[in-house]
Amino acid sequence: MAGLQAQHLTKRFGKLVALDDVGFEAAPGGIFGIIGPDGAGKTTLFRILTTLLLPDAGTATVDGLDIRKNYREIRGRVGYMPGRFSLYQDLTVEENLSFYASVFGTTIRENYHLIKDIYQQIEPFKGRRAGALSGGMKQKLALSCALVHKPAVLFLDEPTTGVDAVSRGELWDMLLKLRQSGLCIIVSTPYMDEAAICDRVALAMNGRFMIQDTPAAIVAAYDRRLLAVRGDRMWELLRDLRSFDGVLTCHAFGDAHHLTVSDDLDLAALRAYLAGLGHADVQIAPATPGIEDCFMLMSETTGVPT
Amino acid sequence: MKVITADHLTKRFGDFTAVDDISFEVEQGEIFGFLGANGAGKTTAMRILCGLSKPTSGRGTVAGFDVTRQPERVKASIGYMSQRFALYDDLKVSESIRLYAGIYGVPGKRIAQRTDEILASLGFEGERDTLVKSLPLGWKQKLAFSVAIVHDPRIVFLDEPTGGVDPAARRQFWELIYQAANSGITVFVTTHYMDEAEYCDRVTILVDGKIEALDTPAALKARYGAPTMNDVFFQLARGARRGAD
């Protein structure tokens, strides 16, 4: 297998350790998701793997090539969509695409089949300047430009940040289709719910990978007793739940609060305590953890400040 | 008591109607969620309500002032925070508070007192002389929120305040929002996190410049037969015809 292998990557900027001993493997025909907030080291990692930055320590191979020794060859084999729109705003849609194709010594026609599904959606506007496109169309153009030279590995740095929930779904549909072609896709996102769509994910914070595995295995490894609690006054409930003995953590999770509790916490006592404080319509049930629960547990137990 | 009223607000740019005849009222102390797909008109509507853009037609009042005729009075009555820009990295924490207090017109004598109050309420007493750039992102966001309400405004507008923040910090941020609302500040907030829509007292969903739905999260979920606000949003926003911004 080629794909991507990275070991012990570390990068410092002055005193800041932007990337702290990070290693992972990503297979062709798979989506590897790096899930984490700003400051997790996602962009630094992408810049190292696309040979735009050298690590202080560690090694990596991309499509079988070493990031230090073979950086020129790697550049021809990766597609990179940075977090910020980086195409030429005053070139048209078609001009941008043919420029990127020519830089890589190819043509739109030669690889049209690779980008067809995505490019067709913006082709009616091929004479429009990139700067005048809507956000969703810019993204489709950027993705087309990142794919036009038939890369083996595709890097997408936060393609869904600041994007609404419906458009996020559309982008993921495109990535799932691309995966079928055997492409190795590395994508970063701050949205925890997107982890479930990836084949493998790393949960990242403050330059470190806290855990990496399949999303299902990460959720299965969650070993705390987790409860979901609802009531008629949710914010007071949050405060009161935290004061109850045996409640370890308590966080708002949409329409319920998620609590990690000690194994011997007595539900009847908790109910009586809440009733005594005047909470009505209280529902307490065991909860199934999601990736966000896992992320919060990992970041609490690894002691990284938020 | 109504602190925001929008009465048939419309904003056109050439032949494009960004905000299309929207009407609603927001009560004092309410947490009012303003949702919509990219390009639905959220930012334009918010700019009108902040006195930064004049509506083409219709009327809006904020804190009792007319957004078209008294935009400066409106600006003095509100706070504003955006994820995209909030604080200057190379100011200290205390300097950031002093800067915004000055901009918002807090009397000089009161600034020291407000600074102490904010540092105490955030548990930042030890960070008074810390540069903003060396604070963790979650702390920056909390500080940005606190400086946006340094002048005790009637209303605070929050434009995607939690973008990029880790899950624990995102929740701590919402607890600050709730405290502010409890003290009587009205909170007008946009977000792409659908779980955060659940924390609002009422939610508006804007589609193609029009209000498609406005109600409590519980009522919206019941009306659309949806288990979560995410499902409600998908049902409504999928019908959008215009592209993202």
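Two strands count as paired if DSSP finds at least two bridges between them. Helices (H or I, at least four residues) and strands (E, at least two) are DSSP runs, numbered from the N terminus. This is a predicted model, in which local features need pLDDT of at least 70 and side-chain atom pairs count only at pLDDT 80 or more, while totals for chains, interfaces and linings use all residues. Residues are numbered from 1 along each chain as its sequence is written, chains are lettered from A and ligands numbered from 1 in the order in which they are written, and side-chain values use heavy atoms, leaving out hydrogens and water.

Chain B has an open sheet of 4 strands in the order β2-β1-β4-β5, with antiparallel pairing. Strands β2 (16–27) and β5 (65–66) of chain B each have a single partner strand, so they stand at the edges and one side of each is left without a neighbour in the sheet. Strand β1 (residues 2–13) of chain B pairs with β2(B) over 8 bridges, in the antiparallel sense. Within β2(B), Phe24(B) stands opposite Ala6(B).

Next comes a helix of chain B. In α3 (residues 93–103) of chain B, the buried residues (under 20% relative accessible area, with exposed meaning over 50% and partly exposed in between, for a 1.4 Å probe and protein chains only) are Val93(B), Ser94(B), Ser96(B), Ile97(B), Tyr100(B) and Ala101(B). They cover an arc of only 160° around the axis, which puts them on the same side of α3(B); the arc is that of the directions from the helix axis to the C-beta atoms. The face turned away from this buried side carries the exposed residues Arg98(B) and Ile103(B). Just after α3(B), Gly105(B) takes a positive phi of about 80°.

The last topic is aromatic rings. Rings of Phe, Tyr and Trp (its six-membered ring) pair if their centres lie within 6.5 Å; planes under 30 degrees apart count as stacked, over 60 as edge-to-face and the rest as tilted. Over all chains, a search of the whole structure finds 19 aromatic pairs. Phe99(A) and Tyr100(A) form an edge-to-face pair, 5.5 Å centre to centre with 85° between the planes. Phe99(A) is partly exposed, with a relative accessible area of 34%, whereas Tyr100(A) is buried at 19%. The rings of Trp235(A) and Tyr199(B) have their centres 5.8 Å apart and their planes at 75°, so this pair is edge-to-face. Trp235(A) lies in helix α8 (residues 234–242) of chain A and Tyr199(B) in the loop between α7 (194–197) and β9 (202–207) of chain B, so the pair joins two chains.
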